[in-house]
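Please examine the sequence and the structure before reading the solutions.

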Amino acid sequence: MTVPLKERVRRRLVDDGSDVDSATVARAVLAETGGVLGAQELLATVSTVRQELVGAGPLDTLLRDERVTDVLVTGPESVWVDDGAGLRRSEVRFADDDAVRRLAQRLVALGGRRLDDAAPFADVWLPALGAHGPVRLHAVLSPVADPGTCLSLRVLRPAAHDLAALGELGTFEPEIGAVLKSIVDARLAFLVSGATGSGKTTLLAALLGAVDPAERIVCVEDAGELHPAHPQLLRLIARPSNVEGSGEVTIQQLVRQALRMRPDRLVIGEVRGAEVVDLLAALNTGHDGGAGTVHANAITEIPARLEALAALGGLNRAALHSQLAAAVRLVLHMRRDRTGARRLAAIGVLDRRSDLAVVRPVWTVGGGWDWAADLLRDQVEAAGVTWPG
């Protein structure tokens with residue numbers, strides 16, 4: 001069976017351990033062909049081989065676009081991209097499923113994990129890869145993924161907008177911007193909820209940028225997304241295990257370390273596991289003004305979502321609701337509309353109903369303020385902050 005030229009060149013480069021620049025690849029191609037290729041065919045072969053060995057391969061051009069947030073591969077001829085206006089099919093194509101598989105295995109290896117028939121799926125953080133931020137990769141090999149190897153790459157762009165910039169972008173009206181500033185000034189602990197890609201981290205970063213410069217913020221994250229303009233922001237970044245399964249540093253471990261670092265405000269970039277127990281415990285020991293983000297479909301579903309996460313940390317339902325009601329003051333819910341714009345959809349306050357914590361909506365986009373708005377205003381004014389308007 002004849003080995004294809006591209007595969008022979010790829011093997012030669014791997015065996016030699018040479019740098020994969022264009023000149024080196026061209027020499028390897030000429031060595032394998034005896035120098036009989038024409039100029040156009042040589043350039044095409046060099047480009048194809050380099051794509052398979054460097055960066056994100058054929059996906060590089062998509063990831064370099066500063067508007068792109070997601071790249072999804074569902075087969076060699078099915079590559080989709082989201083550049084802020086929803087998913088659309090790109091013009092990028094792979095030669096076959098083996099080419100997609102090789103790219104998936106190489107990228108997963110860069111993240112210190114393995115991807116093969118014995119471990120057919122993996123989730124890793126990758127360096128920028130030419131993108132404008134770190135990339136989270138999820139890969140599933142065929143035949144587990146049908147009809148072919150599936151890649152999901154999400155570009156995590158640094159969240160650095162301030163409240164004024166978000167207001168100009170239409171994330172919320174000026175009146176609501178003033179309310180958000182008063183919430184920060186009153187040091188009310190809050191959660192930002194929403195679906196993936198709804199703008200939770202962007203809003204959280206803007207709110208942190210409005211914190212008094214004299215306050216020390218310690219932020220725990222999976223990846224370094226939060227970049228607010230604040231002089232006393234310290235970030236602790238979690239780390240996955242290596243190929244041998246060791247070296248992992250979890251969010252839960254980092255929350256406990258953060259409590260020893262004299263934080264005025266403790267922030268968790270995303271609450272998605274047992275670390276919710278440590279966060280609530282911290283917010284109940286005098287760390288006012290803490291914050292975090294959590295995935296949820298609606299603002300009223302936050303208590304149920306946190307119940308499920310707290311169970312992972314051994315916290316029962318009654319204890320969770322008791323700590324939640326005592327620690328968190330309000331929830332800000334983000335939503336992405338059909339045009340791709342990210343907007344603040346609702347504000348709710350935590351309240352008690354019998355022994356349960358519930359979220360009472362006080363403002364919704366399009367609906368304005370509810371009668372329960374007094375619950376939020378009373379908390380702001382009780383902290384000595386003037387309610388806007």
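Two residues are in contact when they have heavy atoms within 4.5 Å of each other. The model is predicted, so local features need pLDDT of at least 70 and side-chain atom pairs count only at pLDDT 80 or more, while totals for chains, interfaces and linings use all residues. Residues are numbered from 1 along each chain as its sequence is written, and side-chain values use heavy atoms, with hydrogens and water left out.

**Exercise 1.** Describe the surroundings of Asp264.

*Solution.* 
- Step 1: Asp264 is located in the loop between helix 9 (251–258) and strand 10 (265–268); helices (H or I, at least four residues) and strands (E, at least two) are DSSP runs, numbered from the N terminus.
- Step 2: Asp264 counts as buried because its relative accessibility is 18%, the limit for buried being under 20% (1.4 Å probe, protein chains only).
- Step 3: Beyond its neighbours within four places in sequence, Asp264 touches Arg187, Ala214, Glu215, Arg216 and Asp288.

**Exercise 2.** Summarise the protein as a whole.

*Solution.* 
- Step 1: The protein contains 13 helices and 15 strands.
- Step 2: Of its 389 residues, 48% are buried.
- Step 3: Among contacts with a separation of 6 or more, 53% join residues 24 or more positions apart.

Terms used. Buried < 20%, exposed > 50% of the residue type's maximum accessible area, 1.4 Å probe, protein only.
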